[in-house]
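The entries below follow the order in which I looked.

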Amino acid sequence: MQNPLTPEVLADPVALTRALVDMESVSLNEKAIADCVEDVLRGVPHLTTFRHSNTVMARTDLGRAQRVVLAGHLDTVPLNGNFPSTMRGDLMYGCGTSDMKSGVAFALHLAVTLPDPRYDVTYFFYEAEEIESRYNGLTLVSQAHPEWLQADFAVLLEPTYGIVEAGCQGTMRAVVTTHGERAHAARSWHGVNAIHGAGEVLRRLTAYEARRVTIEGCDYREGLNAVRITGGVAGNVIPDHCEIEINYRYAPDRDPAAAEAHLREVFAGFDLAVTDAAAGAAPGLDNPPAQEFLAAVGAAPIGKLGWTDVARFAALGIPALNFGPGDPNLAHHKDEHVELTKIRDGAATLHRWLASA
Ligand SMILES: [Zn+2]
């Protein structure tokens with residue numbers, strides 16, 4: 001197959017977005033698109049290119065004092081009657097237009113067209129972001145080649161509608177279990193109803209006032225919610241067991257240990273077990289590349305509420321933020337689309353940041 005990523009396509013971020021969208025790459029099917037991206041990057045004299053599984057990394061080595069990462073995932077969620085792309089006026093529709101082949105197009109366009117960036121740049125085109133973390137290209141690289149990730153600052157090109165979303169909130173899941181004693185429903189006074197016991201858990205959740213925190217000028221809004229409830233034995237049995245699954249989204253001034261301590265405080269007196277936790281990431285805007293990036297964007301950053309791979313970089317001590325042309329509210333939707341002006345403006349912003357001497 002001929003590589004659709006021709007020099008003319010690579011020169012135009014809009015055409016490049018469309019070409020990338022029209023290469024199907026649902027998670028775990030990224031080989032063909034990774035082959036094309038690798039093929040392009042290997043032909044660029046100012047880059048050194050590496051590959052691990054279906055993750056492609058290319059870097060400049062100009063001896064600059066600082067190194068920045070531009071990263072985007074190559075995979076998409078499953079198609080939903082939205083492939084290949086279609087155009088309607090200033091909008092490009094199709095799976096991955098917003099999340100996040102328009103962002104990937106930024107990185108690939110700059111990698112090819114910017115031989116002399118002001119920082120050394122590491123470009124990541126990685127696999128399997130939309131599925132479990134063990135498949136994630138950045139997870140695999142951090143295990144196999146941690147040195148590839150070394151940098152002073154990272155920009156993840158996830159959809160943010162052209163603004164800077166800094167850091168990200170952490171997420172924790174926990175199960176609160178209430179206990180009772182079985183009895184025949186006809187003689188319920190011999191038992192203790194565990195489902196009724198859950199009432200107090202739900203009352204605490206309803207009354208809970210979620211915290212808002214401002215960190216480095218970015219607002220984070222927490223959330224504590226029941227997301228599932230199970231209990232009951234049979235239609236004539238008083239239940240002895242009820243489980244309420246809790247999802248807690250917490251601001252990045254709390255680490256997972258502090259988040260767990262807070263949950264134990266809220267549900268004091270109840271049996272609580274944490275089942276899953278991912279740390280958030282502080283905004284990390286005080287380093288020079290981040291400051292210069294914010295100046296190039298020219299608009300105040302806001303806090304990222306959802307968990308993203310910026311937390312992976314933060315865990316390695318690398319401040320990271322999100323910046324991409326897509327609308328995050330459209331990600332994973334059937335009518336996912338991106339505005340062409342957002343693609344052009346965002347590419348120009350990144351170019352201004354990296355090219356200015
Ligand atoms: Zn994404």
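**Entry 1: E130**

I started with the side chain of E130, which makes a polar contact with the side chain of H332 at 3.0 Å. A polar contact here is a pair of N or O atoms within 3.5 Å; within protein, one must be able to donate a hydrogen and the other to accept it, and residues adjacent in sequence count only if both atoms are side-chain atoms.

I noted the ground rules next: this is a predicted model, in which local features need pLDDT of at least 70 and side-chain atom pairs count only at pLDDT 80 or more, while totals for chains, interfaces and linings use all residues. Residues are numbered from 1 along each chain as its sequence is written, and side-chain values use heavy atoms, with hydrogens and water left out.

I placed E130 in the loop between β6 (120-126) and α5 (137-144). Helices (H or I, at least four residues) and strands (E, at least two) are DSSP runs, numbered from the N terminus.

Is E130 buried or exposed? E130 is buried and has no salt bridge; the nearest side chain of opposite charge, K101, is 10 Å away. Buried means under 20% relative accessible area, exposed over 50%, and partly exposed in between (1.4 Å probe, protein chains only). For charge, Lys and Arg count as positive and Asp and Glu as negative, with His and the chain ends not counted. A salt bridge is a side-chain nitrogen of Lys or Arg within 4 Å of a carboxyl oxygen of Asp or Glu.

I then listed the contacts of E130 (heavy atoms within 4.5 Å). Leaving aside neighbours within four places in sequence, E130 touches S27, H73, D75, T76, V77, D99 and H332.

**Entry 2: the eight-stranded sheet**

I traced an open sheet of eight strands with mixed pairing, in the order β1-β2-β6-β3-β7-β18-β8-β17. Two strands pair if DSSP finds at least two bridges between them. At the edges I found β1 (48-52) and β17 (302-303), each pairing on one side only.

Inside this sheet I checked β7 (residues 153-156) and β18 (residues 320-322), which run parallel and are joined by three bridges. V155 stands opposite L321 in β18.

Two helices pack on the sheet. Helix α5 touches β1, β2 (55-59) and β6, and its direction makes about 120 degrees with that of β6. Helix α8 (residues 288-297) touches β3 (67-73), β7 and β18, at about 40 degrees to the direction of β7. Axes are lines fitted to C-alpha atoms, for helices over the stretch in contact, and angles run from 0 to 180 degrees between N-to-C directions.

**Entry 3: the four-stranded sheet**

I found four strands in an open antiparallel sheet, in the order β13-β15-β9-β16. β13 (223-231) and β16 (271-278) are the edge strands with a single partner each, so one side of each has no neighbour in the sheet. The twist averages 20 degrees from one strand to the next.

β13 and β15 (residues 241-250) run antiparallel and are joined by eight bridges. N225 has N247 in β15 as its bridge partner. Helix α6 (residues 194-207) lies across β9 (170-179), β13 and β15, at about 15 degrees to β15.

**Entry 4: salt bridges**

How many salt bridges does a search of the whole structure find? The search finds 21.

I looked at E292 and R118, whose side chains meet in a salt bridge (3.9 Å, N to O). E292 is in helix α8 and R118 in the loop between α4 (97-113) and β6, so the pair ties together parts 174 residues apart in sequence. E292 is partly exposed at 30% relative accessible area, and R118 is partly exposed at 26%.

E165 forms a salt bridge with K304, with the closest N and O atoms 2.7 Å apart. Because E165 lies in strand β8 (residues 165-166) and K304 in the loop between β17 and α9 (310-315), the pair ties together parts 139 residues apart in sequence. Both E165 and K304 are buried.

I also noted a network of salt bridges linking K31, D35, E38, R42 and R51.

**Entry 5: totals**

I counted ten helices and 19 strands in the protein. Buried residues make up 52% of its 357 residues.
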